[in-house]
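Please read them with the coordinates open.

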Amino acid sequence: LAVCLWLTSSASAQTSLVSGALDGSVSDSSGGRIPGVAVTARDTATHRTREVSSNAEGMFHINELPVGTYEVSASQPGFAPYRHTGITIQLGSTVHLDIVLLSASVTTQVTVTAKPAAIDPAQTSASSAVDTERIEELPVQSRNYLNFVLLAPGVASSAQQPGRQSLAPLPDSGFTFGGMRGRSNNLTIDGLDNNDEFVGSSRTELSLETVQEFQVVNSGLSAEAGGASGGSINVVTRVGANEIHGDAFVFLQNGSLDARNPFETERVAPDLHRYRTGVALGGPIIKDRTFYYTAFEQEHSRSLEDSFIHPGVAGAIDGILAGGAFPRLSTRQIDDNLFPAARAETEASAKIDHQLTPRNSLMLRYAFTNNREAGDAFNTSGLTDPSARGSSFIQDNALVGALTSVFDPQSVGDLRFQIADRRAVLRTNDAGGPGIDIAGLVDFGRPYDGNGRRTEMHDQLTYTYSHNIGQHLWKGGATVNHVHEDTALADGFGGLYIFGSLADFAAGWPDQFRQAFGALDTSYAVTSYGAFVQDHWSVTQ
């Protein structure tokens, strides 16, 4: 076991799922290293500090620093005080800083404002960071922060294939890393799992206003971020500061200002009314000690959608059905006109950060999402009749917390937990069935999945411990994740007929048939355990 742990520890990647690190050297004007220098990193927003001393080689390392902007100072008797401002610590990265102390007889104080080099020579993973500035300034129509993942190289959208049907409005995470399937990715928020284990998508959605920063890791995952064969998306949420800061917004969209889709054959322009409002506020409860950050967003939209079914195809199928074909089929006419759809979404979250003692800090966050889509929630690809589409009602609740303890300047422990649940209900527009799939022309009738409900419960506990020895950062940890799934197809399934052509449909010769079945109710629970040991070795001398 010891040999295996040693072999696996040789790989170094991102330093943390929730924080960054600062290391460097302290020397005099001649280049000689100075041991025993007190180096302090202070978060300029919350005034929280971490202090270490340079070792015998004049090197220092501060691990598990929360994401943010810091001021670094150094002091040693006989030397002028040193202060470096505007140092940005990004998620999963290590910033290197070379401090040069001048003799106190030469100058009274040294102040540096230049930013350290952005390249991390100890980083072996292929990762991209999306910081607060890009999140705030870049336009996102959907207000979904995960769309920024597409900015990372090697990441593409895992669009749903036409005709593919599943028991979810979102069949996977929506992204593919290097061609891997969209279900193979891992999403964490504040260091805790946020994956829907049934379909592979993300669970709790957060307002764009409450996202501080996130990191996209294409390859070179650390042992701490196991559980995914694809990529990893690590998100950290905002922390309140000593200054009160708030945002409020309203986004409006009307179809009369949109360009017409060239594939639409209807003479009437599609209707669209959409608005999204939100507010966010953060600040101190007790200055320098207790902070809060809250965010709330709500969206409502009403629209007319088009299935892009050719009128000739719709007329031919209607003629076949009018002749009495497939008497069990409840859908007797193809709708090639515009059909109504509606959407309403609410996102709310509140976070409190409290400094229990100078060495212990506590974080609690509650997030709530309620997403309601009517008429066009799933099977939204073209050539799909409204009868094969449906409505979804999804609600998420998540309570997460963290206790971070600084045992000494070189050792940090981090305990995190979450209690979360997802409740999803799907309703098909055609409740009878069966379903019909004519390749390349149209899908109609009841979908293969639908008229079901699902409840997913998550209980997770994780602990990590990091200790710095010289140029080695040793990390170890363990996690327990219990997932309970309860699913049901209340009305069963009426079957699915797949035809290769319109002629085969007219003749009643399906290429494939999926058997009908009655009501189905399943329940299961999975508990996963994990542990890791890792050595992150700094190559900077």
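This is a predicted model: local features need pLDDT of at least 70, side-chain atom pairs count only at pLDDT 80 or more; totals for chains, interfaces and linings use all residues.

The numbered points below go from the whole chain to single residues.

1. The chain holds 4 helices and 29 strands.

2. Burial and surface. The chain has 541 residues, and buried ones make up 50% of them. Its accessible surface comes to about 23900 Å². Carbon and sulfur atoms account for 58% of that surface.

3. Contact range. Take the contacts between residues at least 6 apart in sequence. Of these, 71% join residues at least 24 apart.

4. Strands 1 and 4. Strand 1 covers residues 19-28 and pairs with strand 4 in the antiparallel sense. The pairing runs over 6 bridges. Strand 4 spans residues 59-66 and is mostly covered, with 7 of its 8 residues buried. Ser 19 stands opposite Pro 66 of strand 4.

5. Ser 19. This residue belongs to strand 1. Is Ser 19 buried or exposed? Its relative accessibility is 3%, under the 20% cut-off, so Ser 19 counts as buried. Leaving aside residues up to four places away in sequence, Ser 19 touches Glu 64, Leu 65, Pro 66, Val 67, Gln 90, Leu 91, Gly 92 and Ser 93. One of these neighbours, Glu 64, also meets Ser 19 in a polar contact, side chain to side chain, at 2.9 Å. Gly 68 is 49 residues from Ser 19 along the chain, yet their C-alpha atoms are separated by 9.1 Å.

6. In one of them, the side chains of Glu 71 and Arg 83 meet at 3.1 Å, N to O. The two partners are 12 residues apart, with Glu 71 in strand 5 (residues 68-75) and Arg 83 in strand 6 (residues 82-89). Glu 71 has a relative accessibility of 14% and counts as buried. Arg 83 is partly exposed, at 28%.

7. Salt bridges around Arg 454. The side chains of Arg 454 and Asp 196 form a salt bridge, with N to O at 3.1 Å. This pair links distant parts of the chain, 258 residues apart. Arg 454 is in strand 25, while Asp 196 is in the loop between strand 13 (192-193) and strand 14 (211-219). Both Arg 454 and Asp 196 are buried. Arg 454 also forms a salt bridge with Glu 456, where the closest N and O atoms are 3.5 Å apart. How accessible are Arg 454 and Glu 456? Arg 454 is at 5% relative accessibility, and Glu 456 is at 0%. Both values are under 20%, which is why Arg 454 and Glu 456 count as buried.

8. Salt-bridge network. A network of salt bridges links Arg 143, Glu 209, Arg 274, Arg 276, Glu 297, Glu 299, Arg 343, Glu 345, Glu 347 and Glu 373. Please show this network in a figure.

9. Nonpolar patch. Which residues make the nonpolar surface patch? They are Leu 356, Leu 403, Phe 407, Leu 415, Leu 461, Tyr 463, Tyr 465, Val 480 and Tyr 529. The patch has an area of about 810 Å². Strand 21 (390-408) and strand 25 (452-469) each supply at least two of its residues. Strand 25 gives the most, with 3.

10. Tyr 463. This patch member lies in strand 25. Tyr 463 is partly exposed, with a relative accessible area of 33%. A patch residue needs over 30%, so Tyr 463 passes that cut-off.

11. Ser 232. This residue is found in strand 15, which covers residues 232-237. Ser 232 has 0% relative accessibility and counts as buried. Its side chain makes a polar contact with the side chain of Asn 234, at 3.0 Å.

Technical notes
Residues are numbered from 1 along each chain as its sequence is written. Side-chain values use heavy atoms; hydrogens and water are left out. Buried means under 20% relative accessible area, exposed over 50%, partly exposed in between (1.4 Å probe, protein chains only). Two strands pair if DSSP finds at least two bridges between them. Patches are made of residues with over 30% relative accessible area and no salt bridge: like charges are joined within 9 Å, nonpolar side chains (Val, Leu, Ile, Met, Phe, Trp, Tyr) within 5 Å. Accessible areas come from the Shrake-Rupley method with a 1.4 Å probe; for residues, only the protein chains shown count as cover. A salt bridge is a side-chain nitrogen of Lys or Arg within 4 Å of a carboxyl oxygen of Asp or Glu. Contact means heavy atoms within 4.5 Å. A polar contact is a pair of N or O atoms within 3.5 Å; within protein, one must be able to donate a hydrogen and the other to accept it, and residues adjacent in sequence count only if both atoms are side-chain atoms.
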